[in-house]
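Here is a short report for a first look at this structure. Start with the sequence and the model below, then read on.

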Amino acid sequence: MEKEVMKQKPSCKISDVASTRNLKRQSSSAACCWTPGCSHPSLSKIHSCAEGDRIKKKRVSVDSNTTLGTTQHKMVKPIEVRMMSKEKKKEASKPIVPFSKNQSERAKVRTGMSNPLAVKKSPMKVISKKKFHYSPMDRCGSGVTDPKRWASRVSLQPQSRLSRARAENSVSALYHHDKRPKKSMPHLAARSIRLNAYQNNAAYYGPKKGNRPADKREEVKRCLRTFSVRTRNQLRDIESGKKRPNMEGKRVDRIVASIMRKRKETLNTDKPVVGPVPGVEVGDEYRYRAEPCILGLHRPLQAGIDTTVRNGKRIATSVVVSGGYPDEVVNEDVLIYSGAGGKPTGKPGHTKPKDQKLEGGNLGLKNSLDMKIPVRVIYGWDTSKRGKAMMTYSYDGLYEVENYWLDTRTYKVKGKLMAADGFKFQLRRMKGQPEQNWCKLKRIQMSKVREGLCSKDISLGKEEHPICVVNTINNEKVPQFRYITKTVYPSWYQKSWPKGCKCKSQCSVETCSCVVKNKGKIPFNFDGAIVQEKPLIYECGPACGCPPSCYNRVSQNGIQFPLEVFKTKMRGWGVRSLLSIPSGSFVCEYVGIWRPSSDMGVRSSEGVKEWFTVDAQELGNVGRFINRSCSPNLFAQHVLFDHDDKKMPHIMFFAAENIPPLKELTYQYKYGSVHDSDGKVKVKECYHGTS
Ligand SMILES: C[S@@+](CC[C@H](N)C(=O)[O-])C[C@H]1O[C@@H](n2cnc3c(N)ncnc32)[C@H](O)[C@@H]1O
């Protein structure tokens, strides 16, 4: 190879290659030519080179004294060598720019390119340039509260009408299932990958049983629930001091993900999905980085860019934006994503930042741009609470890669600022996708008057957080009832006082009698999440010696999330939360009056047994507004703490999954059939799934 280079490169003199530093600048300059739109005459050659065979990390020397630098760049073909030597001359004439605070200027001089956003004076206002702390609210905080103005701002974005129309069509087709063709179209295989993604989707949305959207959604939910229950079980073991082999120093979510992978309980992890992942919806939230991995939404546990190979080319399928790199959220639709690599790891030989190369994930994103392949974007932000590190990830939908360029990135290494070249990719959210609940929430928070507000607090101060009522559908007011926070027992009923534990501090597995009643395990994690649904749970209660902070007291502490009652189109009033609710969290109790079931026209399937039901018609709490669903996000858990009567346990709602803000809370009603005055079973239509 060295010989060949020498042969083909007669014009390349040692004086052209003054130093290794110059070559470094030269490689940056070559990289800039890969950017679409660059009019460099050898652009096409570079393109072919970029995806050709790579030389394995090799030194290409010009003569015995001069080294062209360690390179991982592409196969050096004769034509490129000629071009490079011309480039070198140009480069040598450029000033060596000292480190300056104006990074974009420095990058411009070094690479001959600049950040297109800075040059174009785009109408987009940069809302958040926070480098390591991102909140989804930043994306939405555009300062524009009027949705129409918002829409007009979006249309100002530099995107051609044609590409916008295409994007709109492609994505709305993905979300309006009934409009799409039912049959798969194998004859279209020659078309773009984007069409292929659509096609796969069309096949998926086809009528085949077990493969319908609802089934896929259930599959995804099941997979996530298995993950959550296993993770919480593992956490409980760690919290109670029980050690498991090979667990030392490993993250619980990774352990569970690998167990699930071995048991083949994960989805789409073998076969990468391009475009939307069946059963995953925009706005879905995750608490662990491993959750998008087990769904095949973003397969790597650490890398920010997931890639696959299509038609012999590496393409990007998804990216995670979580603060590891200085990504910029320009507005609710535009993201400037930093390329991968170059970050000093601190390991021997990698203490300084390195220039990024157009390979791996970076090459994938560039190819996704060329081939117009949509990329899934997952946002992650810090939701640490009371010193406990926690992240929340949210699937934001499909984006198109619009542009990329080379920029200068600075790193702080041992207190010193160091610079290296890094790629930036501009991604734009495709039209026709549902608006993120975070954006709706931000709009609500920013508006001075809450639209449709009927009551600021129906609990009249009885709950920790006010429970407001909103109706943006019609003029109906919330029905009259008395708000209570504790269930009322019949007058004839004598509560049996339970035997409490004698613990003086936190209850432990070894000594607590309440733990014994829970079959030797505390049913909650230290963060208050229920480990898993049980027929009955015993919390420590007023008769126990442990303090109120005991880990075995959760649901008795009342509502912890800001809930609101809102009017739905088809199901009357419903309930939603104004904050994300992590899976396993306590939401609220179903409060009312205990009545014998015969008084309410409810018949138990067991018929003869004495049966009681909570009636929340006249007296109740926010729980009385929770609607039913066949795919609920809450489950009802029976809990005892202030009495021992298993016939009348507290009915406590816990989150069965991670619930995004403003998502309606639903559960599956479990009581027996309701009869009318003629003894006929009342049949009610279910409008679950409608807004
Ligand atoms: C516990 S209440 C829920 C609050 C109720 N939506 C309201 O406006 O007061 C139960 C009643 O809500 C309605 N409902 C609940 N879930 C529904 C669903 N999925 N489809 C249609 N109606 C539903 C039914 O009328 C049911 O009897």
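Strands here are DSSP runs of at least two residues, numbered from the N terminus. The model is predicted.

**Glu400 and its strand**

Glu400 sits in strand 9, which covers residues 391–413. Is Glu400 buried or exposed? Glu400 is buried, because 23 other C-beta atoms lie within 10 Å and the cut-off for buried is 20 or more. Ala290 is 110 residues away from Glu400 along the chain. The C-alpha atoms of these two residues are 24 Å apart.

**Two nonpolar cores**

The largest nonpolar core holds 52 residues. Those with the most contacts inside this core are Ile294, Leu295, Val319, Leu335, Val375, Val377 and Leu427. Strand 9 contributes the most to this core, giving eight residues. In soluble globular proteins, nonpolar side chains tend to be buried together.

Take Ile294 from the largest core. Beyond its neighbours within four places in sequence, Ile294 contacts Cys223, Phe227, Ala257, Met260, Thr266, Leu267 and Thr269.

**Strand pairing**

Strand 22 spans residues 634–640. The table gives two of its pairings.

| Pair | Sense | Bridges |
|---|---|---|
| Strand 14 (residues 537–538) and strand 22 | parallel | two bridges |
| Strand 22 and strand 23 (residues 650–655) | antiparallel | six bridges |

Single residues show how these pairs line up. Ile537 stands opposite Val639 of strand 22. Leu634 has Ala655, in strand 23, as its bridge partner.

Terms used:
Residues are numbered from 1 along each chain as its sequence is written. This is a predicted model: local features need pLDDT of at least 70, side-chain atom pairs count only at pLDDT 80 or more; totals for chains, interfaces and linings use all residues. Helices (H or I, at least four residues) and strands (E, at least two) are DSSP runs, numbered from the N terminus. A residue is buried if 20 or more other C-beta atoms lie within 10 Å of its own, exposed if 12 or fewer, and partly exposed in between; C-beta atoms are placed from the backbone. A nonpolar core is a set of buried Ala, Val, Leu, Ile, Met, Phe, Trp, Tyr and Cys residues joined through C-beta atoms within 7 Å. Two residues are in contact if their C-beta atoms, placed from the backbone, lie within 7 Å. Two strands pair if DSSP finds at least two bridges between them.
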